[in-house]
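Hi,

Here is the structure I promised to pass on. Have a look at it first, and then read my notes below.

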Amino acid sequence: MGNIFLIGFMGTGKSTVARELHARAKAQGVPCEYIEMDQRIEEEQGMPITGIFEKRGEAYFRDLETDLLRRLAERAPGAPRLIVSCGGGAAVREENVRLMKKAGWIILLQATPDTVLRRVRKSKDRPILNGNMNRAFIASLMEKRRAAYEAAADLTVSVDGRKVPQICDEIARKTKALEVIDRLKKEYPLAACTLNYEDAWQLLVSVRLAAQCTDARVDMVTPKLYEKFPTVEALAAADPAEIEEIVKPCGLGHSKARDISACMRVLRDQYGGRVPDDMKSLLALPGVGRKSANLILGDIFGKPAIVTDTHCIRLCNLIGLVDGIKEPAKVEKALWEIIPPEEGNDLCHRFVLHGRAVCVARRPQCDKCCLRDICRYAIEKSYE
Ligand code: SF4
């Protein structure tokens with residue numbers, strides 16, 4: 001897993017969370033190092049942060065932060081994993097963010113000004129709050145930094161009213177998801193639907209035909225269908241028996257032909273031949289379920305979407321992104337909680353590619369897999 005840099009305003013619990021993440025990694029036998037940036041700078045400078053601010057000024061301290069992050073980012077490959085608790089201002093400087101992103105994931109811990117004030121009000125080593133230990137000042141400072149923090153973060157975790165183990169569980173799940181996304185992107189740079197289509201309505205037809213059938217077979221059948229019925233109107237006017245005659249190699253020919261016919265008639269009569277671009281309208285179309293609707297939203301309209309097909313469900317359970325969930329809607333809900341919305345659609349296409357090439361059903365080739373060191377199934381199997 002990549003290094004972790006915890007950023008956020010003072011008092012959000014970065015050091016406490018970092019120590020717990022470090023302890024968990026150690027308990028799992030993962031070589032890991034915990035670094036508290038302010039503490040490391042104090043040790044290296046031989047004086048407290050307040051002293052550095054007083055004697056050398058804030059700009060000097062910020063340069064020390066950048067220098068430390070540069071050294072961390074340039075560590076040799078294979079060095080122990082880093083869990084770094086960053087100083088409150090570290091993520092404000094663009095160079096620092098670049099260095100952290102080069103080395104790992106940036107996780108923003110978010111809290112309300114009230115939570116922050118409650119946690120720091122008795123602290124004597126917050127030079128930036130000297131003489132301003134009140135909610136209004138903290139809120140204004142947080143607001144000034146908010147945009148920089150949010151732009152820097154790979155993911156955000158709220159700490160308000162939550163205990164450290166809960167926060168760490170969420171970080172573990174979300175960073176694992178980021179790691180899976182990143183590695184599969186490198187393995188399969190092109191993430192595209194394996195069904196052939198030229199128009200949105202054709203993808204609707206193909207995805208209905210793909211139920212309990214291979215994409216390859218669907219792609220063999222659809223050219224004949226579109227040659228005979230080249231438009232929504234032509235297909236809507238067709239006798240379902242004629243459609244069935246062409247699509248029966250895909251199996252379930254009668255019900256698939258009936259759904260395709262009904263769906264095309266709705267597109268013709270209610271949408272002027274176009275495919276709607278919202279989940280509710282798509283789900284109202286005959287033969288269209290959440291999987292198909294998500295595919296249309298993601299591939300045709302570029303909207304956030306998660307397509308929970310058989311590969312997605314199987315891989316997510318093996319890897320450990322979900323725990324024993326087999327129902328598509330529940331897998332989709334669980335993934336929405338841990339995956340950045342803009343990544344969902346392509347990730348699902350990559351699950352299909354990986355499920356066909358490497359993580360094959362009933363005989364996953366873990367020794368060839370780019371996920372083997374973070375995959376729950378492979379890790380548990382290595383203990384047997
Ligand atoms: S490590 Fe094995 S089980 Fe895990 S995703 Fe890779 S092939 Fe599948």
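The chain has 19 helices and five strands (DSSP runs, H or I of at least four residues for helices and E of at least two for strands, numbered from the N terminus). Bear in mind that this is a predicted model: local features need pLDDT of at least 70, side-chain atom pairs count only at pLDDT 80 or more, and totals for chains, interfaces and linings use all residues. Residues are numbered from 1 along each chain as its sequence is written.

In overall terms, the C-alpha atoms fill a box of roughly 85 × 50 × 30 Å along the principal axes. Of the 384 residues, 36% are buried (20 or more other C-beta atoms within 10 Å of the residue's own; exposed is 12 or fewer, partly exposed is in between, and C-beta atoms are placed from the backbone).

Now the ligand. Around it sit 14 residues, with Cys359, Pro364, Cys366, Cys369 and Cys375 coming nearest (a residue is near if its C-beta atom, placed from the backbone, lies within 6 Å). Two elements, α16 (310-319) and α19 (376-383), each give two or more residues to this shell, and α16 has the largest share with three.

I also looked at helix α5 (residues 94-103), where Asn96, Val97, Leu99, Met100 and Ala103 are buried. Seen down the axis, these fall within an arc of 165 degrees, so they line one face of the helix (the arc is that of the directions from the helix axis to the C-beta atoms). On the face turned away from them are the exposed Glu94 and Glu95.

Cheers
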